[in-house]
Amino acid sequence: MRTLFIFLLALSFRASFAQQSSYTIKDSALYAAILHQDSLLYDAYNRQDFDGYIKFFSKDLEWYKDTDGKMNYDTISRNFRQVFSNANRSHRELLKNTLEIYPIKNFGAISTGMHEVNYTLHGKLMRGQFKFFMVWEKQGDEWKITRVFS
């Protein structure tokens, strides 16, 4: 796990200092699969479909958030159930040409990119662009998110 964390930090620094990404898709089938999973995940998010959203996360999920620290599946589940029950809508959109996919041999893949999130806070529309890292594990015919860094 420590090696994975160091790898993700290295990706973050590379992206932070690069003017233009030099990323090249190396495995188009893997790229298409993860892009598709990302679109399904955030379609459920944008519709506030809790069951459709939470099914993408592994029960051994670890979510690292700069403002909240390390969270597990149960915490994330409670948080999103509350967010989705709120009348305030939130919307996420992947920013064009920012998604990068890196294979993890005999496991899955890492996805990283930028997304824009629009949400309402205290009655005011807020908008932000954020970098994300997700570790996807191939479990049989399904993809599950096991780690998130946000």
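This is a predicted model: local features need pLDDT of at least 70, side-chain atom pairs count only at pLDDT 80 or more; totals for chains, interfaces and linings use all residues.

Biologist: Within what arc do the buried residues of α2 fall, seen down its axis?

Modeller: The buried residues of α2 include Leu30, Ile34, Leu41 and Tyr45. The buried residues line one face of the helix, because their arc, seen down the axis, is within 160°.

Biologist: Which residue has a side-chain oxygen that reaches the backbone nitrogen of Ala29 at the start of α2?

Modeller: Ser28 and Ala29 are exposed, on the other side of α2. The backbone nitrogen of Ala29 has a side-chain oxygen within 3.2 Å, and that oxygen belongs to Asp27.

Biologist: Is Gln48 buried or exposed?

Modeller: Gln48 lies in the loop between α2 and α3, and its phi is positive, about 55°, although it is not a glycine. Its relative accessible area is 13%. Buried means under 20%, so Gln48 is buried.

Biologist: Is Asn97 buried or exposed?

Modeller: Asn97 is in the loop between β3 and β4, and it has a positive phi of about 65° without being a glycine. Its relative accessibility is 71%. Exposed means over 50%, so Asn97 counts as exposed.

Biologist: With which side chain does the side chain of Glu100 make a polar contact?

Modeller: Glu100 is in strand β4 and is buried, with a relative accessible area of 10%. The polar contact of its side chain, at 2.4 Å, is with the side chain of Tyr102.

Notes
Residues are numbered from 1 along each chain as its sequence is written. Side-chain values use heavy atoms; hydrogens and water are left out. Helices (H or I, at least four residues) and strands (E, at least two) are DSSP runs, numbered from the N terminus. Buried means under 20% relative accessible area, exposed over 50%, partly exposed in between (1.4 Å probe, protein chains only). A polar contact is a pair of N or O atoms within 3.5 Å; within protein, one must be able to donate a hydrogen and the other to accept it, and residues adjacent in sequence count only if both atoms are side-chain atoms. The arc is that of the directions from the helix axis to the C-beta atoms.
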